[in-house]
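Here is a short briefing on one protein structure. Take a look at the model first, then read on.

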Amino acid sequence: MTRPADRPTPDRLLREAAARLDRRRFLTVTSAAAALAFGVNLPSAHAADAELTPRAIGDDPFTLGVASGDPTPESVVLWTRLAPRPLEPGAGLPPAGSVRVGWEIARDERFRRVEQRGSARAHAEFSYAVHVDVDGLDPARTYWYRFTVGPWASPTGRTRTTAPRGHRPDSASLALVSCQAYEDGYFTAYRHLATEDVDAVFHVGDYIYEYGIDAAGGDRHYTDRTLPAHHNHETTTLEDYRLRYSLYKNDPDLQAAHAAHPWYVTWDDHEVENNYAAGIPEKNQDPAPFVARRAAAYRAYWENQPLRMPRPRGTDLTLYRRVHFGRLAQFDILDTRQYRDDQANGDGWQYPTPESDAPARTLMGAAQERWFAEGLRRSRATWNVVPQQVVFSRRRNTTAGPSKLSMDAWDGYPAARERFLKAVDRSGVKNLVLLTGDVHVAYALDVKRDFDDPDSRTVGVEFVGTSISSDGDGEQKPSNWTTLMAANPHMKFYDGRRGYTVVTLDRHRARADHRVVSHITRPGGTLSTAASFTTEAGNPGLHPA
Ligand SMILES: [Fe+2]
């Protein structure tokens with residue numbers, strides 16, 4: 001077997017992992033963990049991979065749909081992954097080898113005016129995923145794309161490049177989505193999102209959940225199929241995470257939303273494990289096997305998303321990045337999970353203490369904080385939009401006296417929030433819009449310069465998008481609705497149903513339309529708009545639209 005010079009050895013991988021860990025604890029790593037760490041760092045795809053003939057594939061390999069992502073004015077990433085038997089380990093393809101995949105991108109849906117075509121190899125090493133970074137496209141243009149293997153053609157996807165550099169378009173629109181627990185219900189919200197007229201979708205995390213999914217698909221209550229038993233345990237290995245993505249990507253509603261729009265994705269916690277923090281697992285188990293688990297999860301994430309980011313090496317994957325819609329909007333897409341300090345006070349909702357208030361605590365990590373502040377300083381955009389994971393604004397859950405706060409959200413990292421707001425102040429940015437997920441409800445909030453003082457300046461707005469499916473059907477006014485609205489005067493809206501938020505930006509205002517679906521535990525839920533808000537450029541603060 002050939003072994004390229006750059007192939008990392010198990011020893012080197014473990015040394016790399018060890019550098020992040022307490023050495024004494026690291027030495028207790030089991031051989032199983034060592035094997036796992038090695039297993040997620042296989043050699044880079046190389047020419048020696050035997051090419052499979054289409055006959056070796058047997059069935060239609062395009063069961064996971066297509067996707068596009070990270071568009072710029074002249075490029076976009078096209079994605080698919082071959083999986084003739086998506087719900088089986090290995091997805092019905094050999095454990096070694098490669099497949100030649102054709103792709104084409106056109107100016108029309110019928111592919112009469114093909115702009116570019118080519119081929120890429122899908123390697124077993126990356127579970128036969130394909131990422132094609134198509135360059136040389138026109139700005140602000142809609143394109144259609146598809147893939148072929150042997151006699152099979154993929155579904156057609158539609159995508160769109162962003163506005164030309166330096167140009168300020170009249171308007172742009174996006175959808176904010178998050179939190180799609182498969183076992184909590186149907187992705188009906190995505191079926192509706194596929195018909196929206198938006199330039200792009202921003203997914204701010206919990207694309208998968210790690211918990212086991214039973215044969216009936218949990219609250220989907222399937223009667224027409226039975227999910228294999230290997231989906232019914234918590235994901236910890238690379239194979240587990242790959243299978244989980246296959247199950248999700250096999251969903252027709254999710255496929256429709258990917259095929260309809262380009263996506264910019266970032267993760268939160270459940271792509272790995274609930275409420276993990278950097279290299280620290282949820283319940284403070286041994287961190288060494290957790291780092292290997294995280295590496296497997298990050299790798300499966302990369303394999304299954306239309307990301308331009310280089311494939312992961314070692315245990316990390318850089319995901320934070322900056323996107324421009326001309327000079328209308330700058331998006332700083334954050335990663336508040338990979339570099340954060342552990343949650344203070346044992347996590348959950350707790351009273352603030354000197355531990356949570358410690359000035360050195362970070363949610364973004366020092367390098368990302370510097371990158372963010374520098375990006376704001378250089379920004380010339382009308383709108384500075386920050387798609388990120390956890391709720392930024394203060395959320396008290398009582399109207400009287402001290403309140404417990406969420407230790408996993410920015411409320412648990414107040415010094416980091418203060419540095420964020422100082423960076424906004426110093427940059428002179430006037431039009432801050434935070435786009436958030438995580439909490440499975442929708443909020444619209446004024447971002448106050450000092451959340452302890454309701455009369456302090458409003459420095460921006462925060463739109464929290466509800467979940468696509470997590471927590472089931474939900475209800476318009478959850479049990480704590482009255483308390484939260486009264487305890488947080490900067491909270492202008494709170495709705496506990498499933499859905500997504502459409503944000504439209506123009507030169508004068510930003511508008512958010514909170515869409516909700518009637519139900520998701522049965523198919524066929526209908527869509528409505530629960531509320532709409534605007535904020536004026538140069539004069540931040542929410543107004544009902
Ligand atoms: Fe979630």
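Helix α6 is largely enclosed by the rest of the structure, because eleven of its twelve residues are buried. This is a predicted model.

**Helix α6**
- Helix α6 covers residues 238–249.
- From its first C-alpha to its last, α6 reaches 16 Å, close to the 16 Å expected at 1.5 Å a residue.
- Among the buried residues of α6 are Leu-238, Leu-243 and Leu-247.
- The buried residues also include Asp-240, Arg-242, Arg-244 and Lys-249.
- Three tyrosines are on the buried list too: Tyr-241, Tyr-245 and Tyr-248.
- An α-helix has 3.6 residues a turn, so residues three or four places apart point the same way.

**The iron site**
- Cys-179 (SG), Asp-206 (OD), Tyr-209 (OH) and His-440 (NE2) coordinate the iron ion, at 2.0 to 2.5 Å.
- The site is irregular, with angles of 87 to 169° among the four donor atoms.
- Along the sequence, the donor residues follow the spacing C-x26-D-x2-Y-x230-H.
- Asp-206 is buried, with a relative accessible area of 1%.
- Tyr-209 is buried as well, at 4%.

**Asn-274**
- Asn-274 sits in the loop between β11 (263–265) and α8 (287–304).
- Its relative accessible area is 16%; Asn-274 counts as buried because the cut-off is under 20%.
- The side chains of Asn-274 and His-270 are joined by a polar contact of 3.3 Å.
- Beyond its neighbours within four places in sequence, Asn-274 is in contact with Glu-210, Tyr-211, Asp-269 and Glu-282.

Key
Residues numbered from 1 in each chain as written. Predicted model: local features only at pLDDT ≥ 70, side-chain atom pairs only at ≥ 80, totals over all residues. Heavy atoms only, no water. Donors = N, O, S within 2.8 Å, 3.2 Å for Na, K, Ca; no water. Tetrahedral: all angles 85-135°; square planar, octahedral: opposite > 155°, others 65-115°. Buried < 20%, exposed > 50% of the residue type's maximum accessible area, 1.4 Å probe, protein only. Helix = DSSP H or I, 4+ residues; strand = E, 2+ residues; numbered from the N terminus. Polar contact = N/O pair within 3.5 Å; in protein donor to acceptor, adjacent residues only side chain to side chain. Contact = heavy atoms within 4.5 Å. Expected span 1.5 Å × (residues − 1).
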